[in-house]
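The exercises below are meant to be worked through with the sequence and the coordinates side by side. Please try each task before reading its solution.

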Amino acid sequence: MPFNIIRADITSLDVDAIVNAANSRLQAGGGVCGAIFSAAEKAELQAACDKIGYCGIGEAVITKGFKLKAKYIIHTVGPIYGQNPAEEEQQLYSCYKNSLELAEKMHLGSIAFPLISSGIYGYPKAEALKIATRAITDFLPGSDMQVVLVVYDRKAFQISGKLFAEVESFIDERMVKPESRRSADLRLSEDIEYAAASMPMAKQIAIPDGAPLRPQLSLEELLHQKVETFSDMLFRLIDERGMTDVEVYKRANIDRKLFSKMRKKDYAPKKATVLALIIALGLDMGEARQLLGRAGYAFTESSKLDIIIEFFIENKKYDIFEINETLFAFDQPILGS
C-alpha cells in the first residue's frame with residue numbers, strides 16, 4: 001500500500017531507503033540514529049557522513065546504506081521541541097517533505113521513516129504523528145512511492161483522546177461476544193416462532209397447493225442471469241460520483257497496479273481492500289453493505305475492525321489516514337493494499 005504504519009525495527013526493512021533522525025553534525029548518536037549506524041557499519045557510514053559534514057534542521061542528505069538491506073540512508077535533522085512551536089512544526093514537516101523529494105529525485109520506489117524528533121528531542125508523539133501523516137499524504141498524490149512510517153513502541157502511539165474515547169465507546173456498544181450472540185440468536189428465533197404462531201389466520205398468506213413459490217428457471221437460464229459483479233458495482237459507483245480512478249486509489253491507499261486489476265470481472269479483493277474503497281467513495285452504510293456483499297463479505301458485530309469502520313461511516317468521516325491511525329491504535333490491521 002502507498003502509506004503503511006508498522007511496528008518494526010527500521011534497520012531490518014527491505015526498502016530503497018530508510019530515514020535517519022540525525023543531528024546536524026551527522027555524527028553517530030543514540031536511539032534510532034545509533035541503531036542505524038551500528039547496523040549499517042559504523043565506521044563506513046561515519047566516513048560518508050563526514051564527507052557531507054553538516055545538515056541543517058529540516059534539511060535532508062543521502063548516503064549509501066552499506067550493510068543495511070536498504071540501498072540508501074536519508075539523513076534529516078528534526079527540531080528540538082519546546083522553544084518555538086510554530087517554527088518547530090514547520091521544520092518537522094520539512095524533514096519529511098525534503099526527505100521524500102530527495103528520494104523522488106533519486107528515483108527510489110520505497111522509503112521508511114521513524115517518528116522524527118519524538119525521542120530525546122521531546123516532540124509529543126501524537127503531534128509528531130499528525131505532522132508526519134500530513135507531510136506524507138500531501139506528497140503522495142503526485143507520486144507512486146511506497147512510504148512506511150515505523151513506530152517502534154505501539155504503546156506510545158496515540159490518537160486524540162476524544163477520538164479514542166468515542167471509538168472505544170462505539171466498540172463497547174456494538175461488539176457482540178460469542179455467548180451474547182448465541183443468546184441473541186436464540187431469542188430472535190423464539191420471537192419469530194411466537195409471532196408466526198400468534199398471527200391471526202386471516203392475515204396469514206395462503207398459497208394454493210402445488211403453486212410454485214417463484215418462477216421455475218432452467219439451469220441454463222440461471223447461469224445466464226445478469227448479476228452485477230463487484231467490479232461492475234465499483235466502477236458504476238465511481239462513475240456516478242464523477243470521480244477518476246486516480247482519485248479513488250489514492251483516497252483508498254491502494255497501489256495503482258492492484259487497482260488496475262479490479263476491472264477484471266473475476267477479480268476477488270481482500271476484505272480490507274473493499275473497506276478501503278468504501279471509504280474512498282464515501283459510501284453510506286447501505287451502499288457499503290452492498291459493495292461488501294458483491295465481494296462475498298459482510299460487516300460483523302464480532303469484528304473490532306468492522307465496528308471501527310462503521311463508526312467512521314456513520315459519522316461521515318472518510319479520511320483513510322485518520323482511520324488507519326485509529327486502527328493502528330486499536331491494534332487492528334490498517335486499510336489499503
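**Exercise 1.** Which residues of the largest nonpolar core touch the most other members?

*Solution.* This is a predicted model, in which local features need pLDDT of at least 70 and side-chain atom pairs count only at pLDDT 80 or more, while totals for chains, interfaces and linings use all residues. Residues are numbered from 1 along each chain as its sequence is written, and side-chain values use heavy atoms, with hydrogens and water left out.

Begin with the terms: a nonpolar core is a set of buried Ala, Val, Leu, Ile, Met, Phe, Trp, Tyr and Cys residues joined through side-chain atoms within 4.5 Å, where buried means under 20% relative accessible area, exposed over 50% and partly exposed in between, with a 1.4 Å probe and protein chains only. The largest such core has 80 residues, and those that touch the most other members are Tyr-96, Ile-111, Phe-113 and Ile-309. Next, look for the element that gives the most to this core: it is helix H11 (residues 271-281), with 8 residues; helices (H or I, at least four residues) and strands (E, at least two) are DSSP runs, numbered from the N terminus. Finally, a second, separate core of 21 residues includes Cys-33, Ile-36, Val-61 and Leu-68.

**Exercise 2.** Describe how Tyr-96 and Phe-113 are arranged as an aromatic pair.

*Solution.* Rings of Phe, Tyr and Trp (its six-membered ring) pair if their centres lie within 6.5 Å, and planes under 30 degrees apart count as stacked, over 60 as edge-to-face and the rest as tilted. A search of the whole structure finds 9 aromatic pairs. Tyr-96 belongs to helix H3 (residues 85-105) and Phe-113 to strand E5 (residues 110-114), so the pair ties together parts that are 17 residues apart in sequence. Tyr-96 is buried, at a relative accessible area of 0%, and Phe-113 is likewise buried at 0%.

Then turn to Phe-230 and Tyr-267, whose ring centres are 6.4 Å apart with planes at 35 degrees, so this pair is tilted. It links distant parts of the chain, 37 residues apart, with Phe-230 in helix H8 (residues 230-240) and Tyr-267 in the loop between helix H10 (256-261) and H11. Both Phe-230 and Tyr-267 are buried.

**Exercise 3.** Which residues of helix H2 (residues 42-52) are buried, and what do they pack against?

*Solution.* The buried residues in H2 are Leu-45, Gln-46, Ala-48 and Cys-49. They cover an arc of only 160 degrees around the axis, taken from the directions from the helix axis to the C-beta atoms, which puts them on the same side of H2. The buried residues of H2 pack against helix H1 (31-40), strand E3 (60-64) and strand E4 (72-77). On the face turned away from the buried side, H2 carries the exposed residues Ala-43 and Lys-51. Just after H2, Gly-53 takes a positive phi of about 90 degrees.

**Exercise 4.** Is Asn-324 buried or exposed, and which residues beyond its sequence neighbours does Asn-324 contact?

*Solution.* Asn-324 is found in helix H14 (residues 320-329), and its relative accessibility of 2% makes it count as buried. With neighbours within four places in sequence left aside, Asn-324 is in contact (heavy atoms within 4.5 Å) with Asn-253, Ile-334 and Leu-335.
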